[in-house]
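Subject: Structure handover

Hi,

Here is the structure for you to look through. My notes follow below it.

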Amino acid sequence: MKLGMIGLGKMGYNLVHNLLQHRHEVVAFDMNSEAVQSAAKEGAIPASSLEQLVHSLETPRIVWVMVPAGPAVQSVVDTLLSLLAPGDIVIDGGNSHYKDSLALAEKCSGHDIHFFDVGTSGGVEGANHGGCFMIGGNEEVFRGIEPIFKDIAVDRGYLYAGKHGSGHFLKMVHNGIEYGMMQAIAEGFELLDKSPFDYNFEDVARVWSNGSVIRGWLMELTENAFSKDPKLEGIRGVMKSSGEGKWTVETALDLQASAPVIALSLFMRYRSLESDTFHGKVVAALRNEFGGHAVESAK
Ligand SMILES: O=C(O)[C@H](O)[C@@H](O)[C@H](O)[C@H](O)COP(=O)(O)O
């Protein structure tokens, strides 16, 4: 099939590569003209503007937007709405909030344009060689573009999840689970690190990757990481986050769903951003007040 790709960052660029490998025709655009030139060298049709991208496609046009979630997606879709025609298709493959996707779907439907919210997982490797796609939107229209997902997903790695918003909602919950699983793995290794035993962490991650209940891709990545730096001495334990863990916890609160592991994983990430905490000072001061327990000087 022929489609346009807007946004040639790590994910967009590798999706273009994947699509080209499967003999789809891709018209590629990015604000960064060097990325467009690189995609063209791989076989994509370069576009120097959104207008040119839209005019290089045949109706019904399929345009995949792979730009950072939030204002960037909103602004690209707003521009597309002035260029596309009824019946055309817009796919947001980024990590957008499902409520933003619901609003965009409504806006698009006002122009008779079909919108799909697609949660994309598997990182750069997945985008390049076969990822996981969670798709929300109109089912009948989806069946028309299904061959694209069949080709670029790993085996059985795509799902028509349901109506608008369901794709990005599913990806949000996926990321919440990702936070909890990574935190649990990390806590296990911290226990091993503090234990009286002298474990080789790469070996431990390898044995746990083979046949154990907790095997999986995250454990394989743990083995990779320890193979490069056996005690991870070269990096600091600062755990940043992009927002989906927070959205998962906010949504759990809204729905009164109990998600304590995901919530604590998120708080651990925030905690990791601070070298000292005010709450720690307060507890230390109180212990000192009521029990005369020693405090450590800030200097
Ligand atoms: O499924 C995936 O491929 C990942 O979940 C990915 O989409 C995620 O957004 C980033 O890896 C960072 O997420 P955090 O910055 O929130 O850890």
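Between which helix and which strand is the loop that holds D112? The loop runs between α5 (98-110) and β6 (114-121). Keep in mind that this is a predicted model.

Backbone first. Most residues other than glycine have a negative phi, and most peptide bonds are trans.

- D112 is not a glycine, yet its phi is positive, near 55 degrees.
- R156 also has a positive phi, about 55 degrees, and is not a glycine either. This residue is in a strand, β8 (residues 153-162).
- The peptide bond between T59 and P60 is cis, with omega about -5 degrees. P60 belongs to the loop between α3 (50-55) and β4 (62-65).

Next, the overall layout. The protein chain splits into domain 1 (2-164) and domain 2 (171-272). Their contact takes 10 residues from domain 1 and nine residues from domain 2. Taken over C-alpha atoms, the centres of the two domains are 30 Å apart.

In an unreviewed entry, it lists residues 167-294 as "domain: 6-phosphogluconate dehydrogenase C-terminal". That span is 68% helix and 0% strand. Its end C-alpha atoms lie 53 Å apart.

Now the ligand. Both domains supply its shell, with at least three residues from each of domain 1 (2-164) and domain 2 (171-272). The residues around the ligand are N95, S121, G122, G123, K171, H174, N175, E178, Y179, S241, S242 and R269. Which helix gives the largest share of that shell? Helix α8 (residues 166-194) does, with five residues. By type, the shell divides into one nonpolar, eight polar and three charged residues.

- S121: a polar side-chain atom is 2.5 Å from an oxygen atom of the ligand.
- K171: a polar side-chain atom is 2.7 Å from an oxygen atom of the ligand.
- E178: an N or O atom of the side chain is 2.6 Å from an oxygen atom of the ligand.

How much of the ligand's exposed area does the protein bury? Alone, the ligand exposes 420 Å², and the protein buries 73% of that.

If you open one view, start at the ligand. Then go to the cis bond at T59 and P60, and to the positive phi values of D112 and R156.

Best wishes

Technical notes
Residues are numbered from 1 along each chain as its sequence is written. This is a predicted model: local features need pLDDT of at least 70, side-chain atom pairs count only at pLDDT 80 or more; totals for chains, interfaces and linings use all residues. Side-chain values use heavy atoms; hydrogens and water are left out. UniProt positions are given in the numbering used here, feature names are shortened, and annotations may be inferred rather than shown by experiment. Helices (H or I, at least four residues) and strands (E, at least two) are DSSP runs, numbered from the N terminus. A residue is near a molecule or strand if one of its heavy atoms lies within 4 Å of it. A polar contact is a pair of N or O atoms within 3.5 Å; within protein, one must be able to donate a hydrogen and the other to accept it, and residues adjacent in sequence count only if both atoms are side-chain atoms. Accessible areas come from the Shrake-Rupley method with a 1.4 Å probe; for residues, only the protein chains shown count as cover. Ala, Val, Leu, Ile, Met, Phe, Trp, Tyr, Cys and Pro count as nonpolar, Asp, Glu, Lys and Arg as charged, and the others, Gly among them, as polar. Domain bounds come from an automatic or database domain assignment. Contact means heavy atoms within 4.5 Å.
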